[in-house]
Amino acid sequence: MATTILKSELGAGWRDYLELCKPKVVALIVFTAVVGMLLAAPGMVPLDVLIFGTLGIGLASGSAAAINHVVDRKIDAIMGRTHNRPLPQGAVSSRDALTFALAIGALSMLMLVLLVNTLTAVLTFLSLIGYAVVYTMYLKRATPQNIVIGGAAGAAPPLLGWVAVTGSIDPGAMLLFLIIFTWTPPHFWALAIHRAEEYRKVDMPMLPVTHGKDYTRLQILLYTVLLFLVTLLPYSCGVSGGLYLGGAVVLNLGFMWYAVMLYRNDDERMPMRTFGYSIIYLMALFAFLLIDHYVPLMLGMF
């Protein structure tokens, strides 16, 4: 039914419109946002907040991704990783893509303001602007530290989810934000090493292009060490317990292994293996936060 409606509204190329939203990325964003919601509640999250908060944050993320497609359409056409996107292929026009982005962005704001709370809407809007405008239009082309500074927008979803439930910015929410903020550089720089020549071709000042791959490998290793320490904070601050701590230590040891292997050798496969593990790492880390939160509650019922 939903597919039929979407086809009637967007035409035969509806899959291309969905692709503008970077569905795999949005899925990870939404997952961390939902975890933020669930961790903010002592029990279950009110169903209306869970549904409309998730939809609102997800639509805003899709809007930012679609704007990114529009802004980067020329370099996307050159890079091997992105040349099959809808705009370079001519499947969707820039005007239609921008209209789509603004429409779902406006819908997300209305949903969050009217059905969740104003603070969540404001923070989500700032996150959207931070990624679609500040990062995509300026930082990405201005500095090799683009992903570090711009990472604040990508780190916001669990904080947004938390605020959707509580209506306030609490220390626990900031810890979740800090985890993703610290995770982003080693995650993305691993991909950047693999795609360094493509970034050089489009004159994008990514760290491997401006400072070389060896320097980037060192930065990945150092950030991974920092990430290890940051992910211990939820336990040390009393936000999570032993179940999370055990899972976090194992996951961090795995990330450290990949970072060390990447640093020590020039195996062309290691950057993408590290990148792939980083995605699994983040999903598993937030899953451990969730398990640690609900297992004691479930045990207390018996």
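Residues are numbered from 1 along each chain as its sequence is written, and side-chain values use heavy atoms, with hydrogens and water left out. Because the model is predicted, local features need pLDDT of at least 70 and side-chain atom pairs count only at pLDDT 80 or more, while totals for chains, interfaces and linings use all residues.

**Exercise 1.** Determine how helix 13 and helix 15 are oriented to each other.

Step 1. Helices are DSSP runs (H or I, at least four residues), numbered from the N terminus. Helix 13 spans residues 213-230 and helix 15 spans residues 242-264.

Step 2. Axes are lines fitted to C-alpha atoms over the stretch in contact, and angles run from 0 to 180 degrees between N-to-C directions.

Step 3. Angles over 145 degrees count as roughly antiparallel, so helix 13 and helix 15 are roughly antiparallel.

Step 4. Contact means heavy atoms within 4.5 Å. Residues of helix 13 including Leu 221, Val 225 and Phe 228 meet residues of helix 15 including Leu 253, Met 256 and Val 260. By class, this contact has 14 nonpolar, two polar and one charged residues. Here Ala, Val, Leu, Ile, Met, Phe, Trp, Tyr, Cys and Pro count as nonpolar, Asp, Glu, Lys and Arg as charged, and the others, Gly among them, as polar.

**Exercise 2.** Repeat the analysis for helix 4 and helix 6.

Step 1. Helix 4 (residues 47-71) and helix 6 (residues 94-115) pack at about 155°, with axes 8 Å apart.

Step 2. Helix 4 and helix 6 are therefore roughly antiparallel.

Step 3. Their contact has 18 nonpolar, seven polar and no charged residues.

**Exercise 3.** Describe the largest nonpolar core.

Step 1. A nonpolar core is a set of buried Ala, Val, Leu, Ile, Met, Phe, Trp, Tyr and Cys residues joined through side-chain atoms within 4.5 Å.

Step 2. The largest has 59 residues, and Leu 20, Phe 100, Leu 159, Trp 183, Tyr 281, Leu 285 and Phe 286 touch the most other members. Helix 16 (residues 270-299) gives the largest share, eight residues.

Conventions: Helix = DSSP H or I, 4+ residues; strand = E, 2+ residues; numbered from the N terminus. Parallel < 35°, antiparallel > 145°, perpendicular 65-115°, else oblique. Buried < 20%, exposed > 50% of the residue type's maximum accessible area, 1.4 Å probe, protein only.
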